[in-house]
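Open the structure in your viewer and keep the selection tool at hand. The tour goes stop by stop, with something to pick at each one.

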Amino acid sequence: MVGEVEVELEEVAFGGEKEVEVERMEECPSCSGSGAAPGGLRICGSCGGSGWREFTRNLGTLFTSVRTSCRACGGVGKVVVKPCGECRGSGRVVRKKRVRVRIPPGVEEGSVLRVRGEGERGERGPPGDLYLTVKIKKHPLFERVGSDLLYELPLTLPQAALGCTVEVPTLRGKTTLRIPPGTQCGHIFRIRREGMPRPEGGRGDLQVRVVIRVPTHLTEEQKRYLREYERIFGS
Ligand SMILES: [Zn+2]
Ligand SMILES: [Zn+2]
C-alpha cells in the first residue's frame, strides 16, 4: 500500500517522527467481513453448504469422480441473500487511520519510507507494509541545494558599500554575519554546518547570497539624493 508524507525542511534537517492519515481497506466491523446483514446469510443451495460439488463422469467402463469448488458460493458454502448495509456486501470498508512514521535526517524528496505492518490486510495472512513517498514542503526562507541551504540576504546599497553586521536566520534560530565594506551583489558567504545532514555524516553549510535591494516608491527628496549620488559616483 502506498501513500505520501509531507515534511517540513526542519524535520528533514533534524529528523523526527510524523503522524500521517492513510486510507485503507479493512474488514467491515458491522458484518465481520462476511458481507451479509444480520440473518442475511443462507446455506448455499447448489452445494448444500459443503462449498464443493462432485461430478461423476462416465468414461466407458470407468467412472471418474471430479470434485470442484462450488461456483454459486465461491467455495464458502453460504450465500449472501441480504447484503450488509455498511459495506454493501463487499465485506470490506475504507477506514482512515493515523500512522506514525520516522523521518530520517537528510531524507531526499521522492524517497520512499516503509512502515512495517501498516499496509492493507490481504485475503489471508498478516497485513502488508505501507510505503510513503516523501514530499518536502517549500520553506519560506531556505532553498535546499544538495546538503547545503541557500538563503538570500537583502542588503541596502549603503549596507553593502560601507559594511555592516546583520542577523541571518538559520534552521536552528539565527546567527550574526559581518558584511565587509564593498560587498558585491551575488556574493556568497558560507556559514559552516548550518545546512542539511550529509549522507556520509556531518552537515552541509548555509550559503548566504547577497542581493541588493533597490528602493521603490521614492519621494522627491529621495530622488534628489539618488541623482546627487549619481552625479558624485558617475555611471
Ligand atoms: Zn459489512
Ligand atoms: Zn455453494
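Are C44 and C47 buried or exposed? Select the pair: both are buried. Keep in mind that this is a predicted model.

**Stop 1**

**Stop 2: the zinc ion (ligand 1)**

Move to the zinc ion (ligand 1). Select C28, C31, C84 and C87, whose SG atoms are its protein donors, at 2.3 to 2.4 Å. The spacing here is C-x2-C-x52-C-x2-C. C28 and C87 link distant parts of the chain, 59 residues apart. C28 sits in the loop between β2 (16-27) and β3 (41-43), and C87 in the loop between β6 (78-80) and β7 (92-103). Both C28 and C87 are buried. Angles of 103 to 118° between the four donor atoms make the arrangement around the zinc ion (ligand 1) tetrahedral.

Stay in the loop between β2 and β3 and pick S32. Its phi is near 55°, a positive value in a residue other than glycine. Most residues other than glycine have a negative phi. S32 counts as exposed because its relative accessibility is 52%.

**Stop 3: the domains**

Colour by domain. The domain assignment gives domain 1 (1-35 + 82-137), domain 2 (41-79) and domain 3 (142-233). The C-alpha centres of domain 1 and domain 3 lie 43 Å apart. Their contact takes eleven residues from domain 1 and eight residues from domain 3. Between them the two domains bury about 730 Å², 68% of it on carbon and sulfur atoms. Which three residues supply 64% of the area that domain 1 buries against domain 3? Select L9, A13 and F14: they supply that share, more than any other three residues.

One salt bridge is found across this interface of domain 1 and domain 3.

**Stop 4: salt bridges**

The count of salt bridges comes to 22. Start with E8 and K137, where the closest N and O atoms are 2.9 Å apart. These two link parts of the chain 129 residues apart. E8 is in the loop between β1 (2-7) and α1 (9-14), while K137 is in the loop between β9 (130-136) and β10 (142-145). Both ends are partly exposed, E8 at 31% relative accessibility and K137 at 32%.

Next, select R100 and E19, a salt bridge with its closest N and O atoms 3.5 Å apart. R100 lies in strand β7 and E19 in strand β2, so the pair ties together parts 81 residues apart in sequence.

Then go to D148 and R190, which form a salt bridge at 3.1 Å between the closest N and O atoms. D148 is in strand β11 (residues 148-155) and R190 in strand β14, 42 residues apart. Is D148 buried or exposed? D148 counts as buried, because its relative accessibility is 9%. R190, at 41%, counts as partly exposed. To finish this stop, select E17, E19, E21, R98 and R100: salt bridges that share partners join them into one network.

**Last stop: R193**

Find R193 in the loop between β14 (188-191) and β15 (206-212). Phi of R193 is near 55°, a positive value in a residue other than glycine. At 55% relative accessibility, R193 counts as exposed.

Notes. Residues numbered from 1 in each chain as written. Chains lettered and ligands numbered in written order. Predicted model: local features only at pLDDT ≥ 70, side-chain atom pairs only at ≥ 80, totals over all residues. Heavy atoms only, no water. Buried < 20%, exposed > 50% of the residue type's maximum accessible area, 1.4 Å probe, protein only. Donors = N, O, S within 2.8 Å, 3.2 Å for Na, K, Ca; no water. Tetrahedral: all angles 85-135°; square planar, octahedral: opposite > 155°, others 65-115°. Helix = DSSP H or I, 4+ residues; strand = E, 2+ residues; numbered from the N terminus. Domains from an automatic or database assignment. Contact = heavy atoms within 4.5 Å. Buried area = accessible area lost by both parts, 1.4 Å probe. Salt bridge = Lys/Arg side-chain N within 4 Å of Asp/Glu carboxyl O.
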